[in-house]
Amino acid sequence: MTVFYVLLAILMLAILIVVHELGHYTAARLMKIEVREFAVGFGPKILGWKSKKYETDFSLRAIPLGGFCAFYGEDDPTGESKDDPRAFSKQNVWKRMFTILMGPVMNFVLAFVVAACFYLIGGVQTVTGVDPYIVSVTASGPAHDAGMKDGDIITRVNGTDVLDGTTDTLIGMIDSWREGDDPLDITVLRGDETLQMELTPYFDEEENKMRIGVIIGGRYRTETVRVGPLEAIAGSWQYCVYAGGTIFEALGNLVTKGEGLDQTSGPVGVISLVTEQVQEYGFEMYIQLLVVISINLGIMNLLPIPGLDGSRLIFGIIEVIRGKPVPPEKEAIVHLCGMALLFGLMIFFTFKDIIRLFN
């Protein structure tokens with residue numbers, strides 16, 4: 001079964017890559033820009049065929065962790081193709097920028113369409129309440145002494161059901177305890193086991209309230225509501241905007257604070273994450289991850305990093321402002337250096353992911 005989920009994860013990456021590169025390819029065809037090769041994967045060629053109509057080589061390669069859509073004369077540091085009328089640098093700057101932009105755009109479109117279809121077919125999850133549970137037990141305190149553990153669910157306090165869709169009832173009963181009252185009689189659910197505990201709260205002067213030595217969290221109760229096309233589109237838009245905002249926030253924290261650097265992963269780490277999450281949470285998680293990773297791929301490609309689409313767009317903007325292009329040979333060197341750096345980082349993160357798997 002693990003192999004099956006790994007294959008599903010690889011299929012997800014392949015879908016995201018193919019859609020991205022098809023964005024470039026389709027835009028190039030619309031703009032009458034010739035494509036030299038369209039490849040899925042890297043490394044040795046497994047399958048290949050040539051389009052007689054467009055003279056484009058299509059190939060499937062051995063390592064399914066990437067792909068490319070190569071244009072004539074693109075990234076030519078020697079300048080050999082500068083006089084070739086098919087060369088990418090010879091095309092109108094707006095056509096080139098449109099072709100470059102459509103790769104990331106198609107990742108956003110894929111995420112939006114998949115989420116909308118999922119909501120339309122499966123419905124939208126709406127929150128109907130919150131059940132309290134123990135996020136963590138402090139190292140010392142009444143809860144720790146009574147044997148309470150992280151993840152326990154408190155179901156009753158002094159015979160009162162506290163699973164009423166809020167955390168207020170539980171928190172209120174703890175805070176209303178006063179000196180001289182009997183200890184709280186608490187019923188705890190731990191997996192399939194039900195436990196009885198007695199706890200005597202204490203007054204936390206810093207927070208000015210009674211406590212039992214735990215951090216109380218909330219688990220959402222949800223129900224699926226069937227929706228029409230307009231509601232599905234609205235729900236998809238809201239989810240995609242939320243996912244994009246979360247990604248931008250994480251990137252900002254990574255750049256300014258270094259937060260999340262230790263969690264950065266390459267393709268192997270992504271496959272491992274997808275495999276674990278889908279095994280545990282099922283098809284719905286697969287769809288959620290596809291949407292989020294597709295948005296992430298689109299955003300990352302728009303960053304002004306040499307070798308990525310964002311950097312190529314920057315050169316196009318410079319050309320529009322200057323009224324003439326940066327010499328293609330110089331631009332090619334920038335992109336090739338960027339690609340070499342990106343491949344080096346991918347190799348580094350791949351080794352890091354493999355070591356993490358063994359650990």
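Modeller: Helix 2 and helix 7 make a left-handed crossing (left-handed: the near helix is turned anticlockwise from the far one by less than a right angle; right-handed if clockwise). Helices here are DSSP runs of H or I with at least four residues, strands are E runs of at least two, and both are numbered from the N terminus. This is a predicted model, with local features needing pLDDT of at least 70, side-chain atom pairs counting only at pLDDT 80 or more, and totals for chains, interfaces and linings using all residues. Residues are numbered from 1 along each chain as its sequence is written, and side-chain values use heavy atoms, without hydrogens or water.

Stay with this first pair. Helix 7 covers residues 283–302, and its axis lies 8 Å from that of helix 2, at an angle of about 160°. Helix 2 is therefore roughly antiparallel to helix 7 (over 145 degrees; under 35 is roughly parallel, 65 to 115 roughly perpendicular, the rest oblique). Axes are lines fitted to C-alpha atoms, for helices over the stretch in contact, with angles from 0 to 180 degrees between N-to-C directions.

Now the residues. Helix 2 brings Leu 101, Pro 104, Asn 107, Phe 108, Leu 110, Ala 111, Val 114, Ala 115 and Phe 118. Helix 7 meets them with Phe 283, Glu 284, Ile 287, Leu 290, Val 291, Ser 294, Ile 295, Leu 297, Gly 298, Ile 299, Asn 301 and Leu 302. Contact means heavy atoms within 4.5 Å. By class, the residues of this contact are 16 nonpolar, four polar and one charged (nonpolar: Ala, Val, Leu, Ile, Met, Phe, Trp, Tyr, Cys and Pro; charged: Asp, Glu, Lys and Arg; polar: the others, Gly among them).

Helix 2 has another partner. The axes of helix 2 (residues 93–122) and helix 8 (residues 309–322) come within 10 Å and cross at roughly 160°. So helix 2 is roughly antiparallel to helix 8 as well. The crossing of helix 2 and helix 8 is left-handed. On the helix 2 side, Val 93, Trp 94, Arg 96, Met 97, Ile 100, Leu 101 and Pro 104 make the contact. On the helix 8 side are Asp 309, Arg 312, Leu 313, Gly 316, Ile 317, Glu 319 and Val 320. The contact of helix 2 with helix 8 has nine nonpolar, one polar and four charged residues.

Helix 6 uses Val 270, Val 274, Gln 277, Val 278 and Tyr 281. Helix 7 answers with Phe 283, Met 285, Tyr 286, Leu 289 and Ile 293. The tally for helix 6 with helix 7 is nine nonpolar, one polar and no charged.

How far to trust it? The protein chain has a mean pLDDT of 86, and 97% of its residues reach 70 or more (pLDDT is the predictor's confidence in each residue, from 0 to 100). Helix 2 has the highest mean pLDDT among the elements of the chain, 95. Helix 9 (residues 328–358) has the lowest, 79. Where pLDDT is low, predicted coordinates should not be read in detail.
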